[in-house]
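Dear colleague,

Here is the structure I promised to pass on to you, with the sequence alongside. Below it I have set out what was found, in the order in which I would look through it on screen.

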Amino acid sequence: MRKWTVMVYLAGDNNLDAAGVTDLKEMKKVGTNDHVAVVAQFDRSGTKNHTKRYLLRSKGPLASDVVGDLGETNTGDPKVLEDFILWAAEKYPAEHYLTVIWNHGSGWDDQDIYKVSRSMNRDIVRKETVISDTSFGKALPFASVRGVLENRMGRALFCTSVEKALVTGAIAFDDNARDFLDNMEMKRVLAAVTKKLGRKIDVLGLDACLMNMIEIQYQLRDAALFCVGSEEVEPGNGWPYDTVLSAMAAEPSITLRGLSAAIVDKYVKSYRAADNVTQSACDISKAQYVADRVDGLALALADGLADPAVNTSLIRARSRVQSYYTADYVDLADLCSIVREEQVGREIRSACASVIDSITDNGMVVKCGCKGADVKHSHGISIYFPTKKISPLYAKLDFAGKTNWGAFLRAYTGNIRRR
């Protein structure tokens, strides 16, 4: 039995089609060997390009690596992702699995699609149904509006499900099928996979934008042991699959923690400082530990809002904290570091220290890497912290349901709202 099987789910039936081909060729530079199997499922753009499964080898053309033709598939169908992971595990069993999900989106939530439609005075049509809440009477196809966002965003993963009336986030957009996996479906897919495999995925890779948030890690806490992703937007090149696979080929007995850290190192090294990139590896088993500390912080902050000095201090801290492309996403450890320097009282300072300890010093973040002045205060895990309006989606997340962070956000935004 091999040490590792790397399985990459490329949802490329969108404007990432060409990038998918490039990444498959990167994988071929190393390919499968006696210790590491490299497999992929690639849904290409359009109905004429079938979804194919590959066993990537270092020699020969890409076409020679095809081991299955599935016809046209819908990457937004939970069954398609589940079947791929189970197929890869059965066909190429290994001691450990690195499962990479590759697609569009933007963190746990992407409501910018509404902003685009409103700015253009247009409704949005999806599956022949008007699904936006603008009521302008003039409609644009959902895929066209998404295209505007995706061309700006580079690589991303989770996006808002406008079709489901603000119920949850989404993943794996398929422009041809006009479908996607939402956040709850993703959780159920991975739960079904782990049940059938009788084990968790060893390392879950999210080759995407804005993914390493405590909300997402908490949502997927029962699906994998480690998770690697980015706090910031990923450039179009995404992961450097050739150098990651080279590291695995050179040391097939690498530990889960070691591989997760190596992916971070290889990713950051592959970019320039001007690219302002982040990547971090998280021990998901500690997501509950971090959530408990954030819960304590939320309670302390909410209590402190009654003090005008504390309120002012929080506003000042929020204005200084490391934030990302989506300005409502901020680095959690940086937030706590800044807050505890303010005039907030002993209880809040103590709660901030507890959160920082849960992330660093053998905490949840195994390895954090960043490059560029715009992201230099990144510590590996971000959190949702809007300053004006809270997305109605947020309350549906596991993290919001199990902690008081959402309650604090409501108190904070209500406190600073103009009267």
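Ser280 is buried in this predicted model, because its relative accessible area is 1%, against a cut-off of under 20% for a buried residue. The residue is found in strand β14, and, leaving aside its neighbours within four places in sequence, Ser280 is in contact with Asn212, Cys227, Val228, Gly229, Val264, Lys367, Cys368 and Gly380. One of these contacts, Gly229, is 51 residues apart from Ser280 in sequence, yet the two C-alpha atoms are 5.7 Å apart in space.

Strand β14 covers residues 277–283 and is joined by 6 bridges to β16, the two strands running antiparallel; within this pair, Val277 stands opposite Lys371 of β16. Both strands belong to an open sheet of 9 strands with mixed pairing, whose order is β4-β3-β2-β1-β5-β12-β13-β14-β16. The edges are taken by β4 (66–71) and β16 (365–371), each of which has a single partner strand, so that one side of each is left without a neighbour in the sheet. From one strand to the next, the twist averages 15 degrees.

Turning to the helices, α2 (residues 78–91) lies across β1 (2–11), β2 (36–43), β3 (51–55), β4 and β5 (94–102), and runs at about 160 degrees to β1. Elsewhere, helix α9 (residues 287–304) packs with helix α12 (residues 346–359) at an angle of about 160 degrees, their axes being 9 Å apart. The two are therefore roughly antiparallel to each other, as angles over 145 degrees are counted in that way, and their crossing is left-handed. On the α9 side the residues that meet α12 include Tyr289, Arg293, Val294, Leu297 and Leu301, while those on the α12 side include Glu347, Ile348, Cys352, Val355 and Ile359.

Methods: Residues are numbered from 1 along each chain as its sequence is written. This is a predicted model: local features need pLDDT of at least 70, side-chain atom pairs count only at pLDDT 80 or more; totals for chains, interfaces and linings use all residues. Side-chain values use heavy atoms; hydrogens and water are left out. Two strands pair if DSSP finds at least two bridges between them. Helices (H or I, at least four residues) and strands (E, at least two) are DSSP runs, numbered from the N terminus. Axes are lines fitted to C-alpha atoms, for helices over the stretch in contact, and angles run from 0 to 180 degrees between N-to-C directions. Contact means heavy atoms within 4.5 Å. Angles under 35 degrees count as roughly parallel, over 145 as roughly antiparallel, 65 to 115 as roughly perpendicular and the rest as oblique. A crossing is left-handed if the near helix is turned anticlockwise from the far one by less than a right angle, and right-handed if clockwise. Buried means under 20% relative accessible area, exposed over 50%, partly exposed in between (1.4 Å probe, protein chains only).
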